[in-house]
Amino acid sequence: MTTADHKPQILAFLAQFFGEHRLAEDEDIFATGFVNSLFVMQLVLFVEGEFGITVEDEDLEIGNFNTVLALDALVTRKRAVGAADRSA
Amino acid sequence: MAIRVQLSPRQAEARAEYESFTREAVVPYADAWDREERIPEAFFKDFAARGYLGAAVPPEYGGGGLDAVTFGLLNEELGRGCSSVRSLVTVHGMASYAVARWGTRGQRESWLPRLATGEAIGAFALTEPGAGSDVKALAATARRTGDGYRLDGEKRWTTFGQRADVYLLFARLDGRETAFLVPRDAPGLTVRPVTGILGTRASMLAELSLDDCRVAEDALLGRPGFGLAAVAATALELGRYSVAWGCVGLAQACLDASLAYAERRETFGVRLRDHQLVQRMIADMATGTAAARLLCQQAGWLRQARSTESLHATWLAKYHASTTAFRSASDAVQVHGAHGCGGEYPVQRYLRDAKVMEIIEGSTELQQATIAESAYHARPQTTVPTGGPTA
């Protein structure tokens, strides 16, 4: 099971949307007013491409996407499931 | 010659097949379908039998599983012949793609094989009388019942809504934007044809009325709250990509028609092609079409790579291709003069269809606002003197 910290990559990706605003790890991304209607799609493509996971319908919960910490937890969980599936 | 770069041999072969099909099975009939405001059932059957309706369905469910550029080439060639047929690939593809991307295993197994073969036609029902570009104004509602959901509301301008067997439909469930798969035979759903539309007249538009419309529990697609941000966004992204490529074909058709007419028509003792002001219009069509094709190819390569940049690239492609198609169509009518205004030549159809392309899947103005916003995001974060008055 992986316990890697994915937050640096997530923060680096999100920085492009936030200009000079420094996003805190527990700050609600959607409450900031910085993101547009394309953002969720970009975020999904990013986590899938960067971390080799597949976001599925059951993952579509706001609590999985609204902070850097939540995204890190989602990626950690999905990678752990993927690793378990591969070793089964 | 149409400018293309880096098509693989398989993509080039597919393009040639689509071009041949369009020339033989679409172009000769497109004006009649436009006048009759419908595509005949025999065409649906032929089209489905060739596998074209399965273009956006993964191979494991019986679809073609086309790579992004090949899917684009299909749209380009169909768009060259008939924007209504291309619209069928667009909306059916949007519904198929959304089910493949966000459907449960059960939904995928139930719908995708039927969508792949054309046994079921899919449509996209988001637009309402008060909600077009402003999708957040979505007013249709859903409420839970013991065995499923009840839907209420109105949908407008649903492309191929007259012919669809299932609608990817959006409503508010407990106030949250939510996607549903609504079968045509759902009790409480009424489908009314829309006629007399400006362009893509054969795309069999419909209005949908949902009056206590009952759907089963497994009609819910994705999760409540993600109907627009994930499900509709995924579908619209494919739709925008499809329309962009279709506009390349439409602009190419304008160029082809203008070249042929200007070659044989004479005024003031010379051929039209020798008039410099006509040459200006043809040069703009040729350049705009080539640039639009390159933007679409770039978007295609980025889609294939599943790059986050593919979304922005698709907006650029759709904006440029749709505005090029309209300008090209307007110039094509101008080149044809009075002949271009009647039914003898297809350029008046191209002009009506091209105007629709500037409105659907993100209006020109929405594209401009989004592209401008993204340009600010892409700006290097450095401090550079901006000029202006100094002390």
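Two residues are in contact when heavy atoms of theirs lie within 4.5 Å. Among contacts in chain B between residues at least 6 apart in sequence, 74% join residues at least 24 apart. For chain A, the share of such contacts that join residues 24 or more positions apart is 59%. This is a predicted model. Here is a tour of chain B, then its details, then chain A.

**Chain B as a whole**

- Chain B contains 10 helices and 10 strands.
- A compact globule of 391 residues would have a radius of gyration near 21 Å, and the 22 Å of chain B agrees with that.
- The C-alpha trace of chain B spans about 80 × 70 × 40 Å along its principal axes.
- Buried residues make up 54% of the 391 residues of chain B.
- Chain B has an accessible surface of about 16,600 Å². Carbon and sulfur atoms account for 53% of that surface.
- The side chains of chain B include 43 positive and 44 negative ones. The centres of these two sets are 2 Å apart.

- UniProt, in an unreviewed entry, lists residues 9-119 of chain B as "domain: Acyl-CoA dehydrogenase/oxidase N-terminal". This span is 76% helix and 0% strand. Its end C-alpha atoms lie 31 Å apart.
- The unreviewed UniProt entry places "domain: Acyl-CoA oxidase/dehydrogenase middle" at residues 123-213 of chain B. Here the chain is 0% helix and 52% strand. The end C-alpha atoms of residues 123-213 are 17 Å apart.
- For residues 230-374 of chain B, UniProt gives "domain: Acyl-CoA dehydrogenase/oxidase C-terminal", again in an unreviewed entry. The span is 79% helix and 3% strand. Its end C-alpha atoms lie 19 Å apart.

**Helix α9 of chain B**

- Why is helix α9 (residues 347-357) of chain B described as largely enclosed by the rest of the structure? Nine of its 11 residues are buried, so the rest of the structure largely encloses it.
- A residue counts as buried when its relative accessible area is under 20%.
- Among the buried residues of α9(B) are V347(B), R349(B), Y350(B), D353(B) and M357(B).

**S322(B), a residue of α8**

- S322(B) sits in helix α8 of chain B.
- Its relative accessibility is 1%, so S322(B) counts as buried.
- What does S322(B) touch, leaving out residues up to four places away in sequence? Its partners are C247(B), M357(B) and E358(B).
- M357(B), one of these partners, is itself a buried residue of α9(B).

**D274(B), a loop residue**

- D274(B) lies in the loop between β10 (270-271) and α7 (276-304) of chain B.
- Is D274(B) buried or partly exposed? With a relative accessible area of 40%, D274(B) is partly exposed.
- D274(B) and A262(B) are 12 residues apart in sequence. In space, they are 8.3 Å apart from C-alpha to C-alpha.

- Most residues other than glycine have a negative phi.
- M204(B) has a relative accessible area of 3%, so it is buried.
- At 26% relative accessibility, D212(B) is partly exposed.

**Chain A**

- How many helices and strands does chain A have? It has three helices and zero strands. From the N terminus on, the order is α-α-α.
- For 88 residues, a compact globule would have a radius of gyration near 12 Å; the 13 Å of chain A agrees.
- The C-alpha trace of chain A spans about 45 × 25 × 20 Å along its principal axes.
- Of the 88 residues in chain A, 47% are buried.
- Chain A exposes about 4,400 Å², with 51% of it supplied by carbon and sulfur atoms.
- Chain A carries 6 positive and 15 negative charges. Their mean positions are 7 Å apart.

Terms used:
Residues numbered from 1 in each chain as written. Chains lettered and ligands numbered in written order. Heavy atoms only, no water. Helix = DSSP H or I, 4+ residues; strand = E, 2+ residues; numbered from the N terminus. Rg over C-alpha atoms; globule rule 2.2 N^0.38 Å. Buried < 20%, exposed > 50% of the residue type's maximum accessible area, 1.4 Å probe, protein only. Areas by Shrake-Rupley, 256 points an atom, 1.4 Å probe, with all protein chains shown as cover. Lys, Arg positive; Asp, Glu negative; His and termini not counted. Charge placed at Lys NZ, Arg CZ, Asp CG, Glu CD. UniProt positions renumbered as here; feature names shortened; annotations may be inferred.
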